[in-house]
Amino acid sequence: MSGCLVRLGEQVALIVGDSGSGKTDCLLELADRGHQVLADDAVEWRGGGQGMEWRCPEALQGLLAVRGLGLVRCPPVAGGPVTVDLAIELVRPDRTEWSGWPALEPVWTRVAIGPGLDLAALRLPVAPGRPLALLVEQAVRAHAAGPAP
């Protein structure tokens with residue numbers, strides 16, 4: 001499946017989105033902020049439900065496909081498959097969607113990950129100048145902390 005995996009502290013996020021939505025750029029920023037890149041552009045999964053395990057395909061470990069730069073090496077992370085704590089879908093809303101996007105509550109969706117399988121994902125709107133790495137960090141922190149009072 002097309003997507004990225006990143007470890008932010010004890011949490012693992014799966015970032016999905018259309019081609020050009022900013023997944024790899026976000027990963028680069030997160031890596032620069034000290035987080036561990038687990039997989040870029042392609043992830044493999046097995047199992048189902050809460051027991052799903054995710055990993056980077058072996059041939060792509062330690063590589064990021066950066067538009068405009070090509071393949072860039074990053075330190076590969078040792079270890080086996082991981083479980084995903086939060087899935088985030090990067091979306092580019094049009095003007096009408098952007099103006100109506102809820103500011104006071106998160107927007108959730110289901111993303112298809114395989115035949116007959118989908119996963120709950122936070123929809124995160126992307127726009128030029130938005131600090132994606134910071135927004136992903138905050139989304140992961142908020143998700144780990146539980147619902148707001």
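1. Two strands pair if DSSP finds at least two bridges between them. Strands here are DSSP runs of E, at least two residues long, and helices are runs of H or I, at least four residues long; both are numbered from the N terminus. Strand 9 and strand 10 form a hairpin, with two residues between them. Glycine 116 sits in the turn and has a positive phi of about 75 degrees. Strand 9 covers residues 107-114 and strand 10 covers residues 117-125. They pair in the antiparallel sense over seven bridges. One of the partners is arginine 123 in strand 10, which bridges to valine 107.

2. A word on the source. This is a predicted model, in which local features need pLDDT of at least 70 and side-chain atom pairs count only at pLDDT 80 or more, while totals for chains, interfaces and linings use all residues. Residues are numbered from 1 along each chain as its sequence is written, and side-chain values use heavy atoms, with hydrogens and water left out.

3. Next, helix 3. Helix 3 runs over residues 132-145. Its 14 residues should span 20 Å at 1.5 Å a residue, and its end C-alpha atoms are 20 Å apart, so the two values agree. (The expected span is 1.5 Å times one less than the number of residues.) Glycine 146 follows helix 3 and has a positive phi, near 95 degrees.

4. Which residues of helix 3 are buried? They are Leu132, Ala133, Val136, Glu137, Ala139 and Val140. Buried means under 20% relative accessible area, exposed means over 50%, and partly exposed lies in between (1.4 Å probe, protein chains only). An α-helix has 3.6 residues a turn, so residues three or four places apart point the same way. The cover over the buried residues of helix 3 includes strand 1 (4-8), strand 2 (11-17), helix 1, strand 8 (86-91) and strand 10.

5. Glycine 34 follows helix 1, with a positive phi near 100 degrees.

6. Now the cores. A nonpolar core is a set of buried Ala, Val, Leu, Ile, Met, Phe, Trp, Tyr and Cys residues joined through side-chain atoms within 4.5 Å. The largest has 23 residues. Those with the most contacts inside this core are Val6, Leu8, Ile15, Leu30, Ile88, Leu90 and Val136. Two or more residues each come from strand 1, strand 2, helix 1, strand 6, strand 8, strand 10 and helix 3. Helix 3 gives the largest share, five residues. A second, separate core has 16 residues, including Val12, Val16, Trp54 and Leu119.

7. Take leucine 30 as a case. Contact means heavy atoms within 4.5 Å. Leaving aside neighbours within four places in sequence, leucine 30 is in contact with Val6, Leu8, Ile15, His35, Ala133, Val136 and Glu137.

8. How many salt bridges does a search of the whole structure find? It finds six. A salt bridge is a side-chain nitrogen of Lys or Arg within 4 Å of a carboxyl oxygen of Asp or Glu. Side chains of opposite charge can pair when their charged atoms come close.

9. Glutamate 137 deserves a look. Its side chain meets that of arginine 33 in a salt bridge (2.7 Å, N to O). Glutamate 137 lies in helix 3 and arginine 33 in the loop between helix 1 (23-32) and strand 3 (36-39), so the pair ties together parts that are 104 residues apart in sequence. Glutamate 137 also forms a salt bridge with arginine 141 (4.0 Å, N to O). These two both lie in helix 3, four residues apart, about one turn of the helix. Glutamate 137 counts as buried because its relative accessibility is 7%. Arginine 33 is partly exposed at 44%, and arginine 141 is partly exposed at 49%.

10. Finally, arginine 46. Arginine 46 is found in strand 4 (residues 44-46). It forms a salt bridge with glutamate 53, with the closest N and O atoms 3.0 Å apart. Arginine 46 is partly exposed at 47% relative accessibility, and glutamate 53 is partly exposed at 30%. Arginine 46 and proline 81 are 35 residues apart in sequence, and their C-alpha atoms are 9.3 Å apart in space.
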